[in-house]
Amino acid sequence: MNFTETAWKVFNKSIEDYHVSDDVNTLINNPFEKDTLERILYAKNWIDTVQWHLEDIIRDENIDPAEALQLKRAIDASNQKRTDLVEFIDSWFLKKYESVIPKPEAKINTETIAWAVDRLSILALKVYHMSLEANRDSASEEHRANCKAKLDVLLAQHEDLSTSINQLLTDIENGDVKMKVYKQMKMYNDESLNPVLYQKGQQK
């Protein structure tokens with residue numbers, strides 16, 4: 001089983017586990033052993049899955065404004081956790097390939113391994129939920145047909161993205177691509193970088 005096959009299996013395990021209770025407050029119960037890549041991937045997708053449903057909830061037009069604000073704060077915190085874990089995954093691969101010496105003509109990819117994995121995790125969620133819609137008994141035949149067509153596109157995207165990630169890993173292993181990692185340096189959650197936050201602190 002190659003890397004993306006393993007990741008896809010882990011992501012779907014996380015999604016299925018979440019939907020046992022289908023509750024954004026459910027605590028993660030990671031079934032994989034400590035310090036394994038599978039455990040990290042499961043944690044990554046769990047964050048994505050909870051955030052997916054938070055995004056659904058906040059779009060309720062009748063939501064109480066105070067609840068919406070709380071949800072927005074939860075989504076912001078989730079986004080930060082997601083970014084931190086993506087960067088941790090990149091660090092994991094950086095350590096894995098630290099002994100590889102890139103060739104002089106090695107290229108730099110526009111996207112790191114972990115951010116490609118992030119897209120694969122979100123794609124697993126899209127496939128899961130689009131499949132539900134394509135088979136929802138209460139929906140019209142037209143709706144199911146439209147969702148089936150979209151599902152076919154998502155499944156094709158899964159194949160292409162998986163191939164691309166596996167090729168990138170091979171290219172890094174062979175020294176044809178130089179692995180270079182940049183931190184996202186998100187500013188909106190940092191009290192020293194967000195003007196709204198640090199100006200408020202100066203006014204006290």
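Reader: Is Asp35 buried or exposed?
Author: This is a predicted model, in which local features need pLDDT of at least 70 and side-chain atom pairs count only at pLDDT 80 or more, while totals for chains, interfaces and linings use all residues. Residues are numbered from 1 along each chain as its sequence is written, and side-chain values use heavy atoms, with hydrogens and water left out. Buried denotes under 20% relative accessible area, exposed over 50%, and partly exposed in between (1.4 Å probe, protein chains only). Because its relative accessible area is 67%, Asp35 is exposed.

Reader: What is the phi of Asp35?
Author: Asp35 belongs to the loop between H1 and H2; helices (H or I, at least four residues) and strands (E, at least two) are DSSP runs numbered from the N terminus. Asp35 is not a glycine, yet its phi is positive, at about 70°.

Reader: Which accessibility class holds Asp22?
Author: Asp22 lies in the loop between helix H1 (3-21) and helix H2 (37-58). Its phi is positive, near 50°, although Asp22 is a residue other than glycine. Since its relative accessible area is 43%, Asp22 is classed as partly exposed.

Reader: What is the volume of the largest pocket?
Author: On a 1 Å grid over the protein atoms alone, a pocket is an open set of points where a 1.4 Å probe fits, with protein on both sides within 12 Å along at least five of seven lines; lining residues have an atom within 4 Å of a point. Grid points are joined across faces, edges and corners, and the volume is the space filled by probe spheres set on them. For the largest pocket this volume is about 290 Å³.

Reader: Which helices each supply at least two residues of the lining of the largest pocket?
Author: The lining includes Trp46, Val50, Ala74 and Lys81. The helices that each supply at least two lining residues are H2 and helix H3 (65-96).
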